[in-house]
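Here are my notes from going through the model, as numbered points. Have it open beside you while you read.

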Amino acid sequence: MNKSGLSALLLITLLCAACGTQKTPGELLKAPSQGSTDGTLTGIVRAYLPSNARLTVPVHSESGSAIQLQDLDNDGQDEIMAFYKTDKTDYEVNALVLAQAGGDWNKLTTITGVGSELDYVQFADVTADGAADMLLGFSGGKGLSKELSVYSLNDRTLSELLKQPYDQLAVGDLTGEGVTDIAVLQATFETDMQPVSRLQLFRLQGGQKQRLADQAMDGAVIQAQFAKAAPGASALIVDAAVGAHSAYTLLLNWENGQFIDILAADDYQHEKLAESSNIELQTAAPQPEGKLGGNNMAIKDYPLDSADVNGDGIVEIGFLVPPAGTESMAPLATPFISKFYQWDGQQGLKFVEERFDRWGFNFRIPETWAGKYVLNIAEESPAPWEQMVFSYRDADSGQEAPLLTLRLLTKQEWQSAEAELKAQKAAYQLLYELQNTEAAAPTVLVAVLPPADAAGKLSGSSLQEYDQLKLLPEDVKQLAGTPQQPLQ
């Protein structure tokens, strides 16, 4: 069967799975007797699985499916990979590989990995032979050990090329030499029990294992990705945790046979970046030669994953910043603002956007508000997530005027609150509903705009600036995302 035919089968399988009662991934397959098939990919797979098998979906995978298609030997025909567990043990995950011969499907092999879940699945040509290789990561569960296995298919034989423990992985042309390599990051401990991560770069070109780099960095790696870090430039982006709650982000580029940190800076660069970025950047202690993470620009008090927050295809670096108006609050109660910066392609970071995305709120703060707002929480509020008030603050007089109130209410509370807002002829916008929050019941997020006389004692240029910052209901709707659909 050719690629287009298999793709059609996969679509039919997904459509059939969507009909009727929704099932969890583990319930999608309970294999019947051998030979039973209904013409879908699931039906083909069923005939080759033990009777107690159940499909399992990889935690990290581009397709997000328990059954995947890939041409592993570059013969123009896709193989089928099906990932499953059995009732026999909870510490084994299996990968069934099927191939065609003479129009019939045959089992090539079953791979069994040790672990309670399949953490990672990717297909990439790491052997540089023109065919995709299969990368499988097996995990004991959240926070436990993981192991990567890399397989290549030749002459209908699947060979294991690499078996390597890991905490985080990144795959791509990491050296800029046109070869797909594998970066493996794993935490170790020094004598003082402070975590240190080991970064190793492996190349499997021609099927032969070659280790290109083995470098140390401070902290335990939270996330690693090879992605665009600036227009026209990619980097290995690593978020790592250090100390009790601190973190930092590295942008790693390959130079002269090793990774160097783009964000490493001398004291002068560090000071100028802090001034231009309006963030309090910490200075890391100098590290031994060859160790990554010393004097990094992106040292921060609390971890925040790097992500493409504005949909431009470039990954931004995030900082959690206490907003003006919350200086006296305890760290655990502070409604931090998430600020995101992008590498400028040279030696600095440039501001991209900020948002309030704590406790179920998800609101992108307008660019015009930068440096001109404070965030207040009603002291009488029994829970911090019930009401947040963004207010304009005059830089000279310190006088404030409300710009926007965000309220989280249960659906029952919203009925009476909406009636009250209508009675007050208030301008408001219902943004979205949350199903899982700190609140016990389903909750709605509502934005309430200030009344016409909210400017109070503001006058002159302050009043003019305040009027320019005010929003319309349609503006608020555009600035709000949802917890299920992040802001773009």
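1. Starting with the rings: the count comes to 13 aromatic pairs. The rule takes rings of Phe, Tyr and Trp (its six-membered ring) with centres within 6.5 Å, and calls planes under 30 degrees apart stacked, over 60 edge-to-face and the rest tilted. One of the pairs is Phe-363 with Trp-369, which is tilted, at 6.2 Å centre to centre and 50° between the planes. Both of these residues, Phe-363 and Trp-369, are buried (under 20% relative accessible area with a 1.4 Å probe, protein chains only; exposed is over 50%, partly exposed in between).

2. Before going further, a word on the ground rules: this is a predicted model, where local features need pLDDT of at least 70 and side-chain atom pairs count only at pLDDT 80 or more, while totals for chains, interfaces and linings use all residues. Residues are numbered from 1 along each chain as its sequence is written, and side-chain values use heavy atoms, leaving out hydrogens and water.

3. Back to Phe-363: its ring centre is also 5.8 Å from that of Phe-390, with the planes at 50°, so this pair is tilted. The pair links distant parts of the chain, since Phe-363 belongs to strand 23 (residues 363-365) and Phe-390 to strand 25 (residues 387-393), 27 residues apart. Helices (H or I, at least four residues) and strands (E, at least two) are DSSP runs, numbered from the N terminus. Phe-363 and Phe-390 are both buried. Ring pairs join Phe-356, Phe-361, Phe-363, Trp-369, Tyr-373 and Phe-390 into a cluster.

4. Which residues have the most contacts inside the largest nonpolar core? They are Phe-356, Phe-363, Trp-369, Phe-390 and Leu-406, in a core of 32 residues. A core here is a set of buried Ala, Val, Leu, Ile, Met, Phe, Trp, Tyr and Cys residues joined through side-chain atoms within 4.5 Å. Strand 26 gives the most to this core, with 5 residues. Elsewhere, apart from this one, lies another core of 20 residues, among them Ala-170, Leu-201, Met-217 and Tyr-248.

5. Phe-390 deserves a look of its own. Leaving aside residues up to four places away in sequence, Phe-390 touches a list of residues including Ile-365, Val-374, Pro-402 and Leu-404 (contact means heavy atoms within 4.5 Å).

6. Five strands form an open antiparallel sheet in the order 24-25-26-28-27, where pairing takes at least two DSSP bridges between two strands. Strand 24 (373-377) and strand 27 (428-434) stand at the edges with a single partner strand each, so one side of each has no neighbour in the sheet. The twist averages 20° from one strand to the next. Strand 26 (residues 400-410) and strand 28 (residues 443-448) run antiparallel and are joined by 6 bridges; Arg-407 has Val-446 in strand 28 as its bridge partner.

7. Helix 4 (residues 411-423) lies across strand 26, strand 27 and strand 28, and runs at about 145° to strand 26. That angle is between N-to-C directions, from 0 to 180 degrees, with axes fitted to C-alpha atoms (for helices, over the stretch in contact).

8. Two items from elsewhere. Strand 5 (residues 92-101) and strand 6 (residues 104-114) pair in the antiparallel sense over 10 bridges, and in their hairpin, with 2 residues between the strands, Gly-102 takes a positive phi near 65°. A second open sheet has the order 2-7-8-9-10 with mixed pairing, and its edge strands are strand 2 (60-61) and strand 10 (157-166).
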